[in-house]
Amino acid sequence: MRLLPIILASMLSITLFAQQYTISGRVKDAANGETLLGAAILIESGGGAVTNEYGFYSISTTAGTYKVTYKYLGYDDVVKTVILDRNKTINVELGEKANQLGTAVVSAKALEKKVENKKISVVKMETSKIKEIPVIFGEVDILKTITLLPGIQSAGEGNSGFNVRGGSQDQNLILLDEATVYNASHLLGFFSVFNGDAVKDLEVYKGGIPAKYGGRLASIVDIKMRDGNAKKFAAIGGIGTISSRLTLEGPIVKDKSSFMVAGRRSYADVFLPLAPDETVRESKLYFYDLNLKANYELSDKDRLYVSGYFGRDVLGLNELFAINWGNATATLRWNHLVNEKMFVNTSLVYSDFNYGVDINFAENASFGLDQAINDIYIKSDWTNYVNTKSTLNFGGQVIYHRFNPGLFSPNNEASSILFEETQIEKRKALETGWYVDQEYKHSPRLNFRYGLRVSSFSNIGGSEYTYTKNAETNEPISALTVKDSFADGEIYNTYVGLEPRASASYNLTTNVAIKASYNRTFQYIQQATNTASSFPTDQWFSASRNVKPQRADQVAIGLFKNFDIGLETSAEVYYKWMNNQVDYRDNANLAFNENLDGELLTGNGWAYGAEFYVAKTEGASSGFISYTWAKTMRQIDGISGNNPYVAGFDRRHNLSLVFTQKFSKRLLATASFVFASGQPLTTPVSKYYYDDEWQTNYNDQERNNFRLPAYHRADIGVTLQSKDKPDKRFNSNWNFSVYNLYNRENPYAIYFRTIRDTDLVKNPDATVGNTAAFQTTLFKIIPAITWNFEF
């Protein structure tokens, strides 16, 4: 830690050189006032900058007269002549191109690539492109769409979760306007919680993670909401097969502040009363979500943002069973310009995820189970644009975690006679992260980014068990389990992690670059799940005296080449090794268990793979091909005979093809195809007769020794725009899509049971009484239609 001030001082020492002047400002969309992140600012004599996530830029250079060009893909360039004899603030608005298919766009894109921030293992998708790709029920789904990209694999049919480079689903940090989203799925994973109309930008870090991010091993998914139209009132919406949505936005004070409100609700429950089955008629099945955002320009140097997300799912089967879950986030942000070179953003953030289950087991007798995790944290990120070659980033965050592992309670007086209210002890913890990193452009060809993050995690108050386990079964020995108690507010256990980060990029030519990265990450909280798919009921728990924090180191190297015809290609290879990976002993009890720590085992993991990507981004015909070859392994004593085994989410091959054809200004068609190796699963070794039924036995079996059949499907979609009319403010389009075009019966789950007489209809050669594997399929062919509008 003593070296940190020395490193910081050496980074800042560059400012002691000759006096320079600074051009700074913001770049916005001329049509709606939205800030443009990633816009390029070029100085004719050399050098340049890229706007940050708030549209701010800063360029320092010596006095003189310069031609400064402002560029953004799909927008007309703005060129200004600047006499730089003092510090100057220049705010610029860019207008969209009338025709985005010409060679001028290709040329602009090639130029932008020369000054683009060099990042390896980072993927971005424009929301306009995401909306073109057909998905289930015609719903725009950001998370499902990114699984088409290399290195990001879907967790399976009917699941919005994903795995990145050998990481489990809980090893992805999903941020919405800087707030953690702990559960990103609606309807048990059929849809994600993100309304495409409310999203401005999406960036996924698979590796080369900047030092400002921490807390997860596998990836960072940074999603930013739109600010709202600062020029005029507008509305965007759609009516679809399973849900409808509406977004309203407009200025509070024109060109000074704006708001955005986006709501969405499904309506499957509206049609349930029409079902012939009484149980279905009295069931509930719906979700809703609401995105809110407002901003206000306090002065030329200060801007305030407030945003929030609120979503809920309700699923009920008659009066027998009901479950509801949801997220709530709130973010208050203050942008401040300390001077022309120093930009700071300070945020106060709240995040909450909770679920509740109610079960009626007899007349007037029911009980409920509730669990939750919520965070309150403050963070501050500083950027010093030292000069055209050097940018210094530093900052930190403090997070206060609260865990409610479970409250079991009777729902009425009759139930209280049978059950007592039971609360598993709530947990509290404090997590911090402090970082510094530098982006340094050594030359027009060579770029570096290097930094260090120092993280810590402390358990606060309460009590904790110490376990002695049976050497053969790994089950805690009750008689030897000791409970230690600590005073409220007492910090009784602390972990500290040093997380170095580094990346480099070298341009072999103007269109060819080789890039490499290394990063170390720590993770202090995780989910208790023993399946490849995560569910809302999977409990979050923290590192403790029994559970050491997870750690991962990853190296990656890639070759990138862009062609002037609008073709982008890349190839990356990576290797990741992981420590303190969590898995569970055979027959582990994870539900409502105060001794959850005693059910888990820890060990090592490793993952490696190769990713290939070819995309045509310009012209009437566009699309991409993505292929990933990957392997993910675990070795944990007490599992699979202490031998290495494939992780439950290992998929060796992942292939995605997406093709879009613009036939005219009004007609667009998209087709996609995906293929993935089957997921691993563990098969039983024997069966035994108990309670008048045959039961399967998995004890002592090799973990994940079998694979499901491969997953593949094709989807198509067609979008028809309304006719153009002079001075027409209302626009609409119809989207027609077909999911799983050739009606493939993809496996959702495999279960084992005894063959019955009724099974002989499909398989006459089967023998009644034998045990066999049976497949569950969720979706076959699904057509959908959506009407979208804006005014």
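1. Which residue in S33 is the bridge partner of Ala528? The partner is Gln539. Strand S32 (residues 525-528) and S33 pair in the antiparallel sense over 4 bridges; two strands pair if DSSP finds at least two bridges between them. Helices (H or I, at least four residues) and strands (E, at least two) are DSSP runs, numbered from the N terminus.

2. On the basis of the model: this is a predicted model, in which local features need pLDDT of at least 70 and side-chain atom pairs count only at pLDDT 80 or more, while totals for chains, interfaces and linings use all residues. Residues are numbered from 1 along each chain as its sequence is written, and side-chain values use heavy atoms, with hydrogens and water left out.

3. Strand S33 (residues 539-542) is covered on both faces. Gln539 and Phe541 are buried on one side, and Trp540 and Ser542 are buried on the other. Buried means under 20% relative accessible area, exposed over 50%, and partly exposed in between (1.4 Å probe, protein chains only). In a regular strand the side chains alternate between the two faces of the sheet.

4. The protein chain is divided into domain 1 (17-100) and domain 2 (122-790); these bounds come from an automatic or database domain assignment. Their C-alpha centres lie 35 Å apart. Contact (heavy atoms within 4.5 Å) involves 24 residues of domain 1 and 28 residues of domain 2.

5. The area buried between domain 1 and domain 2 is about 2,300 Å², and carbon and sulfur atoms give 47% of it. Buried area is the accessible area (1.4 Å probe) that two parts lose on being put together, summed over both. On the domain 1 side, Glu34, Tyr54 and Phe56 lose the most area to domain 2, together 27% of what that side buries. The rule finds 4 salt bridges across this interface. A salt bridge is a side-chain nitrogen of Lys or Arg within 4 Å of a carboxyl oxygen of Asp or Glu.

6. The largest nonpolar core has 43 residues, of which Ile174, Phe194, Leu202 and Ile223 touch the most other members. Such a core is a set of buried Ala, Val, Leu, Ile, Met, Phe, Trp, Tyr and Cys residues joined through side-chain atoms within 4.5 Å. Among the elements that give two or more residues to this core are helix H4 (142-146), strand S12 (172-176), strand S16 (199-205) and strand S36 (600-616). Leaving aside neighbours within four places in sequence, the contacts of Phe194 include Ile142, Leu143, Ile174, Ile223 and Arg264. Apart from this core lies another, of 18 residues, among them Ile23, Ile41, Val68 and Ile90.

7. The structure holds 38 salt bridges. One of them joins the side chains of Arg165 and Glu611 (2.8 Å, N to O). Arg165 lies in the loop between S11 and S12 and Glu611 in strand S36, so the pair ties together parts that are 446 residues apart in sequence. Arg165 is buried at a relative accessible area of 2%, and Glu611 is buried at 3%.

8. The side chains of Lys379 and Glu178 also meet in a salt bridge (2.7 Å, N to O). Lys379 is in strand S25 (residues 365-385) and Glu178 in the loop between S12 and strand S13 (179-180), so this pair ties together parts that are 201 residues apart in sequence. Lys379 counts as buried at 10% relative accessibility, and Glu178 is buried with a relative accessible area of 10%.

9. Arg245 forms a salt bridge with Asp197, the closest N and O atoms being 2.6 Å apart. Both residues are buried. Salt bridges that share partners join a set of residues into one network, including Glu34, Asp177, Glu178, Lys200, Lys379 and Asp381.

10. Is Gln397 buried or exposed? Gln397 is buried, with a relative accessible area of 12%. Gln397 sits in strand S26 (residues 390-410) and, leaving aside neighbours within four places in sequence, is in contact with Ile378, Lys379, Glu431, Thr432, Gly433 and Arg453.

11. Asn360, in strand S24 (residues 342-362), is partly exposed, with a relative accessible area of 34%.
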